[in-house]
Amino acid sequence: MAPQRFQEQFDHIQRSMPDVPLAMGPDDLGEFVYEKGVVLARDGEEARLVEDTVRAHFTEAPDLTPDHVRRAGPDRNRSGITRIQVGDPGQGIRAGGDDQSVAHALRALGAREGRAGHRLISRNHVVHIATNACPGDEPVPAPRSAATNPAPADAVHDPDSAVSVLVVDNGLTHDYRACPGMSHVTGDALAGETDSQGILRQYAGHGTFIAGLLTAVAPNTDVTVRNTLNDAGAILESEFGERLFDAVEDGWPDILSLSAGSVNGRTDGLLGVEAFMTALQTQRTLLVAAAGNDGSATPFWPAAYAAVPGHADAVLSVGALRTDGAFGACFTNHGPWVKVYAPGERLVSALTGFEAPVPYVYQHSTYDSCRYGFGYACTCRSPQHTGVLSDPAEKPDQVMFDGYAAWSGTSFATPLVAGLVAAWMNATKETDPRAAAGALLASCADFAEVRGAHVTALRPPTWLPATAEQPVAVS
């Protein structure tokens with residue numbers, strides 16, 4: 001049976017949020033996940049307008065319940081967002097998974113949004129490492145005797161000139177310091193690294209893997225990893241804005257590396273992070289953000305802020321190249337809102353198991369052919385394995401990690417670009433990360449082809465390309 005990847009990911013995220021009923025949308029398309037029965041509005045007068053308008057609309061509709069419409073959180077917070085309940089989370093879900101109370105609430109504000117000229121209401125989306133893939137694939141053991149890819153650059157750490165990089169992700173695995181080159185990485189420990197049977201959880205090590213890539217490309221960095229996402233790599237949009245403010249509470253970094261987001265079918269961003277993005281505009285921090293792994297041109301937020309006027313110099317969106325570095329990876333999101341591409345298939349970095357091997361059971365089965373129609377040995381079908389979520393009646397494949405892993409996704413192309421910007425700052429003594437990113441891109445003479453488009457490509461000097469010919473079996 002072919003994997004039903006979006007449904008599998010939806011079920012996994014729902015298990016990680018047992019107290020938050022979730023729906024999928026829009027309509028039957030299954031492009032994003034959001035909270036049932038709740039909408040978001042800006043604090044203050046707009047929240048009052050949304051609440052009153054939805055209640056009036058529901059009063060006139062025979063199959064809707066106006067008594068369900070009420071505030072579902074504090075009236076004001078740093079993210080500037082108010083949660084408003086519009087329906088009973090246990091009702092209103094039709095076949096296909098969309099929540100009709102939320103759909104009616106959005107429709108009720110349509111005319112007012114037209115007159116206001118901007119959005120007044122939004123679903124409360126789930127921001128996630130990847131809703132359709134995991135991220136581009138699942139990790140594969142890589143031998144401790146082999147080098148990482150990219151290999152560590154020839155540079156030393158200097159505490160007086162080190163570039164500060166903040167990674168907002170899940171936390172660090174318990175033994176990450178055993179990996180050479182990560183002695184200057186600090187941050188939050190990953191909660192619940194393994195399950196009750198000692199099996200590594202899905203996405204555990206995602207933040208560690210990112211930190212390893214960053215320090216390999218740019219050794220002269222002080223990397224801090226925050227445990228912002230839950231054990232399924234997810235967080236509600238309404239909470240995400242708050243957690244971003246928490247992450248910079250002790251000071252804004254030079255670079256913020258973010259490998260999570262969501263689509264919402266719109267071109268004006270996520271309401272839940274709007275206040276943070278506005279605050280970012282007043283700082284010198286560069287946000288380097290993953291473009292997402294849906295093989296789609298639909299804007300993925302916050303990365304797509306790179307194409308929004310007023311945010312373009314503060315945000316750098318990153319897509320993924322396949323193992324040969326010449327073309328886009330099959331899963332990478334693409335389009336004019338993706339500003340740069342970097343290698344993102346089968347990179348090798350630190351995961352866990354340095355002190356004692358850690359078992360991992362595959363969650364998703366590979367496909368017989370590329371789900372996006374490509375013909376090379378992509379991550380859809382290689383390395384082949386059977387996953388417990390895709391084929392619960394079959395015995396899933398299990399592997400052991402003893403330190404390093406090979407992993408794929410725009411999640412990992414992103415820290416390569418963040419590291420290259422940091423390395424440029426070190427090499428040129430440029431202290432403004434946004435100016436450094438602009439100069440790096442302006443000096444870049446490397447290009448790749450993504451869905452027929454000629455795009456800017458950044459390839460770390462120590463990264464080794466490989467052929468992308470034949471699929472391989474999981475070891």
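The side chain of Arg381 reaches the backbone oxygen of Tyr376 at 3.0 Å. That is a polar contact: a pair of N or O atoms within 3.5 Å, where, within protein, one must be able to donate a hydrogen and the other to accept it, and residues adjacent in sequence count only if both atoms are side-chain atoms. Arg381 sits in the loop between strand 16 (358–361) and strand 17 (398–401). Helices (H or I, at least four residues) and strands (E, at least two) are DSSP runs, numbered from the N terminus. Arg381 is buried, with a relative accessible area of 18%. Buried means under 20% relative accessible area, exposed over 50%, partly exposed in between (1.4 Å probe, protein chains only).

The model is predicted: local features need pLDDT of at least 70, side-chain atom pairs count only at pLDDT 80 or more, and totals for chains, interfaces and linings use all residues. Residues are numbered from 1 along each chain as its sequence is written, and side-chain values use heavy atoms, leaving out hydrogens and water.

Now the domains. Domain 1 covers 5–128 and domain 2 covers 137–456; the bounds come from an automatic or database domain assignment. Their C-alpha centres lie 29 Å apart. The contact (heavy atoms within 4.5 Å) takes 31 residues from domain 1 and 37 residues from domain 2. The area buried between them is about 3000 Å², and carbon and sulfur atoms give 51% of it. Buried area is the accessible area (1.4 Å probe) that two parts lose on being put together, summed over both. Arg78, Arg119 and Val127 supply 28% of the area that domain 1 buries against domain 2, more than any other three residues.

Arg119 also forms a salt bridge with Asp268, with the closest N and O atoms 3.2 Å apart. A salt bridge is a side-chain nitrogen of Lys or Arg within 4 Å of a carboxyl oxygen of Asp or Glu. Five salt bridges link domain 1 and domain 2.

Helix 7 (residues 274–281) lies in domain 2. Its buried residues are Phe276, Met277, Ala279 and Leu280. They cover an arc of only 160° around the axis, which puts them on the same side of helix 7. The arc is that of the directions from the helix axis to the C-beta atoms. These residues pack against helix 6 (237–247), strand 11 (255–258), strand 12 (286–290), strand 13 (315–321) and helix 9 (433–443).

Val338 is in the loop between strand 13 and strand 14 (340–343). Val338 is buried, at 7% relative accessible area.
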